[in-house]
Every structure is written in structure tokens, then in C-alpha cells.
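I opened my notebook to look up a few things in this model. My plan is to jot down each item as I go.

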Amino acid sequence: EERPFDADDAFYDELAAWVARNGKALEKAREAVARTACRFDLEWEEGVAMETPQVSGMLTLSNLLQAQVVLAARAGDVDRAIAVCAHQVRLAEISVQDPLLIYLLVRAALVDAALRTAQAVLEHGPAATGPLRNLAARLDQLTYQGELRRVFVGERTFGYDALSQLLDDPDGGADWSPFDWHQGFGRELLYRLVPDTMIKLDLARYLALTRRVIELDPRPYHEARPDWDALEAEMRDRPWYAVASSVALVAFPTVVRKWATHQARVDVARLGLELELYRREHGVLPETLADLPVTLRVDDPFRDRPYVLKTTGDDGFVVYSVGPDRKDDGGRSLDDDEEGDIVWRWPAGA
């Protein structure tokens with residue numbers, strides 16, 4: 001993903017063979033993109049034991065689509081490459097919608113992968129206006145308003161059901177892989193001696209903390225971040241009765257930060273595309289992001305300021321968010337340690 005055009009010829013031959021072997025899967029993907037919506041049939045009655053093969057399946061399909069993008073760009077068909085990136089965004093939008101955190105994260109991963117690949121393709125060569133508009137339109141269709149709240153309510157209900165089942169079968173929880181029940185001899189002994197008491201207290205804690213999660217969600221991330229940090233510390237500070245709630249909740253603050261990162265990545269890509277389309281029509285860039293003739297989010301979720309727009313000396317530009325570290329690194333791309341900026345660049349001469 002980081003350097004998709006720097007491998008040797010043998011790698012691309014292997015990539016092409018892999019894509020050819022999976023023609024049926026790609027045909028299904030094209031069929032799905034043409035539909036209004038798609039869904040997977042999930043056995044919700046299985047609770048935490050419910051199988052989710054679509055998670056790995058969608059990620060593999062995303063890799064296949066990325067392979068198509070790279071092969072098309074290497075063959076000189078940048079427009080088709082960008083069109084496939086738009087299909088990848090559309091597939092994420094319509095196919096992974098169930099209200100659980102895992103699906104939210106998979107959807108974000110599919111879109112982020114499409115945008116990273118699109119950025120690499122545009123550095124490889126220019127694209128026509130039509131494919132750029134299509135990609136921008138696909139990004140514009142992504143839903144963010146109330147999305148985290150919807151997922152948190154779903155997780156709260158799902159978790160409540162899972163914890164409630166323990167009241168009927170306290171020993172059954174020991175076999176549930178999502179929960180690690182072996183958290184110290186003292187806590188495990190208490191769980192064996194007074195399971196009803198511990199489970200009910202743990203359930204009440206789970207409901208109280210998830211209510212606070214849902215209440216925090218509507219606030220801008222940069223404003224609510226201290227409260228998220230405090231809530232994360234409280235989630236990790238386990239009282240004597242907390243067995244399942246700590247494990248079930250600990251990811252929530254991290255997911256909120258990851259979702260803000262994803263939202264910023266989509267925002268700067270959308271802004272970058274609109275800036276280039278504006279320049280192609282008017283010959284110059286607008287003075288500010290707010291001057292674009294479309295309604296877009298321009299406020300950085302990581303601070304109480306707009307995204308940064310800078311021109312570069314090679315007739316290009318960069319638009320970026322300061323990212324999770326909340327420091328302006330001048331457009332240095334975000335690394336694996338969440339340091340740096342979330343960046344969309346337009347290459348020279350495009």
C-alpha cells in the first residue's frame with residue numbers, strides 16, 4: 001500500500017495471476033456496487049459466538065480491488081484505476097453496515113485503503129476530471145452523522161445480552177473466547193463463590209459506562225478528548241467485581257480516536273479532490289477551504305481550527321489534519337505511532 005509501484009516485474013505478474021483466479025469474486029463485487037444496498041445474513045441469536053466470515057472476506061476483496069487498481073495504473077489506465085477506487089469506497093458504504101464496532105472498523109479500513117491507493121495512483125499519473133468527480137461523489141455519500149452513536153447503542157445491546165446470559169450459566173463464560181476470565185486468583189475465586197453478585201454488579205457497571213460513552217459521542221472529538229481519556233482510565237481501573245465489562249469496554253475510546261482519524265482522512269481527500277476540480281475550472285485555487293462551491297466539513301476533529309491548506313513550489317498543494325498527536329508537522333504523513341499529519345497531496349503538473 002505504501003509503495004505499490006516499486007516492486008519487481010515478477011511481483012506484478014503474480015498479482016495479475018491472483019486477480020485472474022478471483023474473477024468470480026470481483027464480478028460479485030461489481031454486482032454489489034450496482035445495487036442500492038447489500039447485507040450479510042448474520043445469526044444474531046448465537047450472541048458472542050456468532051460467526052463473522054464477511055470481515056476477513058471483505059478485507060480480502062479490498063486487497064483484490066487494490067491489486068486491480070495498481071495493475072491498471074501500471075498499464076497507463078489511471079482513469080480506470082481511480083474508478084476502481086471509487087467502487088471500493090461504494091462497496092464499503094453499502095456492505096458492512098451492522099451496528100457493531102468490528103463492522104465500523106472494517107468499513108473504515110476499506111475506505112482508507114482505497115484512498116491511500118488512489119493517492120499513490122495520482123502520484124503515478126494524472127486522471128481525467130470525470131473519474132475524480134466520481135470518486136469525490138462516492139466519498140460524499142459516506143455516512144458519519146450519528147454513526148458512532150448507532151454503533152455504540154448496538155454494542156451496548158449486544159454486550160448486555162452477552163452478560164445477561166451469564167446469569168443463567170455463570171460457568172459458560174469461561175469458554176467464550178472474547179472474554180479472558182483468568183484475571184487473577186482472587187477475582188476468579190470470588191467469581192466462583194458469588195457469581196450472581198459479581199455478574200449483576202458487572203452488568204450495572206457496563207450499562208453505566210456505555211451510557212457515558214453514548215453521551216460523549218455527539219461532542220467534537222477535540223473538545224471531548226479529555227473526557228474520553230478519563231473514561232478510558234476508569235475503564236482500565238477494575239473494581240473487584242469487574243470481569244467482563246473491562247474487557248468489553250476497553251476498546252471504545254481507541255475506536256473513537258480511530259474513527260476521528262478515518263473521518264479526517266476522508267475529509268482531506270474530499271477537500272483535495274474538490275480543490276483540484278476547482279483549479280481545473282477556474283485556473284487557480286480558492287483562497288480558503290470555505291470558498292469551495294460545495295458544502296464540506298472543513299473543521300479538523302483534532303483541534304478547534306480548519307484543516308490546513310498549503311501550496312507547494314511545484315504548482316501543487318497539500319491539505320491536512322494535524323492528526324491524533326494534535327501537532328502541526330507541516331504535512332508530514334502520519335506514521336504507525338500516530339505521529340504526523342493526515343495528508344492529501346496533489347502532485348506537480350496534475
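Predicted model: local features only at pLDDT ≥ 70, side-chain atom pairs only at ≥ 80, totals over all residues.

**Cysteines**

I started with the cysteines: the sulfur of C38 has its closest cysteine sulfur in C85, 19 Å away, so the two are too far apart for a bond. C38 is partly exposed, with a relative accessible area of 24%, whereas C85 is buried at 1%.

**Aromatic rings**

Next I went for the rings, and I noted 8 aromatic pairs in the structure. I looked at W240 and Y241: their ring centres lie 5.5 Å apart and their planes are at 90°, so I wrote the pair down as edge-to-face. W240 is partly exposed at 44% relative accessibility, but Y241 is buried at 18%.

Then I turned to F317 and W346, whose planes are at 10° with the centres 6.4 Å apart, so this pair is stacked. Here the pair links distant parts of the chain, because F317 belongs to strand β2 (residues 317–321) and W346 to strand β3 (residues 342–346), 29 residues apart. Both F317 and W346 are buried.

I also jotted down a cluster in which ring pairs link F152, W228 and F252.

**Helix α10**

I followed helix α10 (residues 221–236) and found a kink of about 30° centred on D227. Which residues of α10 are buried? I listed Y221, A224, R225, W228, L231, E232 and M235. These buried residues pack against α7 (147–168), α9 (195–216), α11 (244–249) and α12.

**Salt bridges**

My count of salt bridges came to 22. I picked E234 and R212, whose closest N and O atoms are 2.9 Å apart. E234 is in helix α10 and R212 in helix α9, so this bridge ties together parts 22 residues apart in sequence. Both ends turned out partly exposed: E234 has a relative accessible area of 36%, and R212 has 31%.

For R219 and E223, I noted a salt bridge at 3.1 Å, N to O. R219 is partly exposed at 31%, and E223 is partly exposed at 41%.

I then checked K258, which forms a salt bridge with E338, their closest N and O atoms being 3.1 Å apart. This pair links distant parts of the chain: K258 is in helix α12 and E338 in the loop between β2 and β3, 80 residues apart. K258 is partly exposed, with a relative accessible area of 41%, while E338 is buried at 17%. I also marked one network, in which K28, E31 and R35 are joined by salt bridges that share partners.

**R265**

My last entry is R265, which sits in helix α12 (residues 252–282). Is R265 buried or exposed? Its relative accessible area is 19%, so I filed R265 as buried, the limit being under 20%. What is R265 in contact with, leaving aside neighbours within four places in sequence? I wrote down D112, L115, R116, L334 and I342.

Note on methods. Residues numbered from 1 in each chain as written. Heavy atoms only, no water. Helix = DSSP H or I, 4+ residues; strand = E, 2+ residues; numbered from the N terminus. Buried < 20%, exposed > 50% of the residue type's maximum accessible area, 1.4 Å probe, protein only. Contact = heavy atoms within 4.5 Å. Bend = angle between axes of the 7 residues up to and from the residue. Disulfide = S-S within 2.5 Å. Phe/Tyr/Trp six-rings, centres within 6.5 Å; stacked < 30°, edge-to-face > 60°. Salt bridge = Lys/Arg side-chain N within 4 Å of Asp/Glu carboxyl O.
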